[in-house]
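Have a look at the fold below. We'll walk through it a piece at a time.

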Amino acid sequence: MNKTLIIGCGFLGSNILTHLKTKESFVIGTKFQSKIDGFRQLDITNIDSVNECITEENPDLVINCAANTNLDDLEKNQESANLVNGYGVENIAKACKQNFSRLIHISTDAVFDGKKGLYKEDDKPNPINMYGRSKLLGESLVEKNCNNFLIVRTNMFGYNKKGNFLFNWVLKSLKEKKQIVGFDDIVFNPLEISFLSSLIVELGNLKFSGIVHLGSDEIISKFDFCCQIANIFDLDKKLIKKGSIDDAEFFATRPKNTSLDNFKAKKLLKTTFPSLKEEIAKVKQQIS
């Protein structure tokens with residue numbers, strides 16, 4: 001039986017872990033925090049820790065979901081951004097090469113500047129914030145230091161039990177009848193997190209190496225995305241007001257259209273991509 005090591009069992013990593021366990025796969029998960037039952041502690045910025053973990057576990061496949069995604073904090077702490085999202089990834093790539101393990105590295109649509117949209121894998125990245133730059137550094141270090149790798153650029157949504165992320169904020173705010181602003185000039189094509197997890201696992205079983213974009217078939221603004229959540233959860237859509245990212249007081253600049261072309265992914269994968277409405281409805285069913 002093949003063995004998979006998932007590095008960074010946060011929101012996405014934990015979903016991938018759950019998906020693999022339902023298939024009775026041999027899977028190990030890691031977290032940065034120590035002494036968490038069922039998980040191995042791993043600090044990807046510590047090369048000795050990474051080498052020890054991958055050598056001892058001897059996985060056939062490593063899926064790296066570890067990252068710092070706090071855009072505004074990373075903009076203020078650029079050295080920290082590169083340490084985790086760049087050089088920590090380099091440690092994993094080198095260890096995978098030495099151990100002959102296949103590596104899937106999870107990257108982001110934020111490596112693009114958002115001026116064009118529907119980005120293909122061979123479009124030139126041009127990140128406009130430190131998060132994007134640090135993730136692009138991680139990509140380049142994977143390509144430089146690992147032979148058998150797959151870089152997945154994506155964007156995701158879903159219900160997080162810890163209450164973080166956009167979906168939870170929209171749902172909680174609308175249930176509490178609070179008015180929110182949805183940006184109509186921020187455009188993306190996210191995948192529901194459990195479906196995304198299944199695609200990543202499917203890609204792990206393929207021999208393809210390189211970069212692949214995983215996004216939904218539907219490109220949608222954050223405003224319309226919020227409205228879809230309201231519609232499907234039977235909440236008051238009038239609480240959602242249109243707004244512009246230009247008026248938001250974020251420290252880090254956000255790209256406006258990071259939609260990803262999924263043509264290459266759909267050629268590689270056998271799975272049919274559901275609609276956003278179907279996926280939001282699935283989340284509703286999961287948490288009801």
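What follows is a short tour of the sheet and some ring contacts.

The model is predicted, with local features needing pLDDT of at least 70 and side-chain atom pairs pLDDT 80 or more, while totals for chains, interfaces and linings use all residues. Residues are numbered from 1 along each chain as its sequence is written, and side-chain values use heavy atoms, with hydrogens and water left out.

Start with the open sheet: seven strands, ordered β3-β2-β1-β4-β5-β6-β11, with parallel pairing. Strands here are DSSP runs of E, at least two residues, numbered from the N terminus, and two of them pair if DSSP finds at least two bridges between them. β3 (40–41) and β11 (210–214) are at the edges with a single partner strand each, so one side of each has no neighbour in the sheet. β11 pairs with β6 (residues 149–154) over five bridges in the parallel sense, and Thr 154 sits opposite Leu 214 of β11.

Now the rings. There are eight aromatic pairs (ring centres of Phe, Tyr or the six-membered ring of Trp within 6.5 Å; planes under 30 degrees apart are stacked, over 60 edge-to-face, the rest tilted). Phe 112 and Tyr 119 are stacked, at 4.1 Å centre to centre and 5° between the planes, and both are buried (under 20% relative accessible area; exposed is over 50%, partly exposed in between, with a 1.4 Å probe and protein chains only). Phe 183 and Phe 250 have centres 6.3 Å apart and planes at 80°, so that pair is edge-to-face. Phe 183 lies in strand β8 (residues 180–183), 67 residues from Phe 250.

Technical notes. Helices (H or I, at least four residues) and strands (E, at least two) are DSSP runs, numbered from the N terminus.
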